[in-house]
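Please read it with the sequence and the structure side by side.

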Amino acid sequence: MGRIAVVTDSNSGITQSEAKKCGVYVMPMPFFIDDETYFEDIDLSQQQFYEKLEGKSNISTSMPAVGSVTDLWDDLLKEHDEIVHIPMSSGLSSSCETAVMLSQEYEGRVQVVNNQRISVTQKQSVWDAIELVQQGKNAREIKDFLEEVKYDSSIYIMVDTLYYLKKGGRITPAAAALGTLLKLKPVLQIQGEKLDAYAKARTVKQARTIMIDALKNDFMKRFGDPTGSNMHIFAAYTKDRETALDFKAQIEEAFPGQEVELTDPLSLSVACHIGPGALAVACSRKISVR
């Protein structure tokens, strides 16, 4: 019997094939597209999603069904002693709160981590959990550790269009109209629970500089690590990989000697709200061996 199973959801950007290779379990996020239900990376690929999104299909996201969550846990607990479940931030979805409630019926064998992360930083939490399992930590110790370091991360995102933020109710139609008229490239930030406005750029070039400068400022003031030597650094994107590769090179130039990981395209559940053409830079502090 395996000791601890690590579970997350597809908001993390971990694909089903990657999960199998790494020995983790990924709950696919459900989508409603023109009144039909799809599941990310199961019967909805990146290409299919963008075809539907740009074809103006009616798309909305949802949280995994309660039965899907408990069925997965029940199956895993036949072969494992405990589960560490790492959902997306409770500040951005009710799926975390629901998982916490459901876990109360499992007598401590399921530990739900509310560490306020999403996307690439949520993914790093999964890799950190695996490392902690290898260190011999139990599920409760892993949960406590990941929640203790939850704010040791940052994400900055430039959106190419305000259309999808308006559609998802993240900004008002008036603000979206004004931003579109002025051709603004908003930079958003995630540091903990919420998606917040950070800056307004006139061009993609300016937005890229703003995001890198924001990361430098975090390294200096929040993390006390000006060179980023103790940080994981990520470049991320929706749809346009070539532009993302160029942005990655720009980040590497800003932090010489540090590895910058270009992730797979951001998860569809994230892309649904920010649209194609988005760029992001993110970081997460490397965990220490304890």
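## Salt bridges and a helix pair

Lys185 has a relative accessible area of 16%, and because that is under the 20% cut-off, Lys185 counts as buried. The model discussed here is a predicted one, and the salt bridges in it number ten.

**Lys185 and Asp160**

- The buried Lys185 forms a salt bridge with Asp160, and the closest N and O atoms of the two side chains lie 2.8 Å apart.
- Since Lys185 belongs to strand β9 (residues 185-190) and Asp160 to the loop between β8 (153-158) and α7 (163-167), the pair ties together parts of the chain that are 25 residues apart in sequence.

**Lys239 and Glu54**

- Lys239 forms a salt bridge with Glu54, in which the closest N and O atoms are 2.8 Å apart.
- This pair links distant parts of the chain, with Lys239 in the loop between β11 (231-237) and α10 (241-254) and Glu54 in helix α2 (residues 46-54), the two being 185 residues apart.
- Both partners are partly exposed, Lys239 at 43% relative accessibility and Glu54 with a relative accessible area of 39%.

**Asp75 and Lys78**

- A salt bridge also joins Asp75 to Lys78, where the closest N and O atoms are 3.5 Å apart.
- Asp75 counts as partly exposed at 45% relative accessibility, while Lys78, with a relative accessible area of 56%, is exposed.

**Helix α3 against helix α4**

- The axes of helix α3 (residues 66-76) and helix α4 (residues 95-103) come within 11 Å of each other and cross at roughly 50 degrees, which means that α3 is oblique to α4.
- The crossing in which α3 passes α4 is right-handed.
- On the α3 side the contact is made by Val66, Val69, Thr70 and Trp73, and on the α4 side by Thr98, Ala99, Leu102 and Ser103.

Note on methods
Residues numbered from 1 in each chain as written. Predicted model: local features only at pLDDT ≥ 70, side-chain atom pairs only at ≥ 80, totals over all residues. Heavy atoms only, no water. Axes fitted to C-alpha atoms, helices over the stretch in contact; angles between N-to-C directions. Helix = DSSP H or I, 4+ residues; strand = E, 2+ residues; numbered from the N terminus. Parallel < 35°, antiparallel > 145°, perpendicular 65-115°, else oblique. Left-handed = near helix turned anticlockwise from the far one by under 90°. Contact = heavy atoms within 4.5 Å. Salt bridge = Lys/Arg side-chain N within 4 Å of Asp/Glu carboxyl O. Buried < 20%, exposed > 50% of the residue type's maximum accessible area, 1.4 Å probe, protein only.
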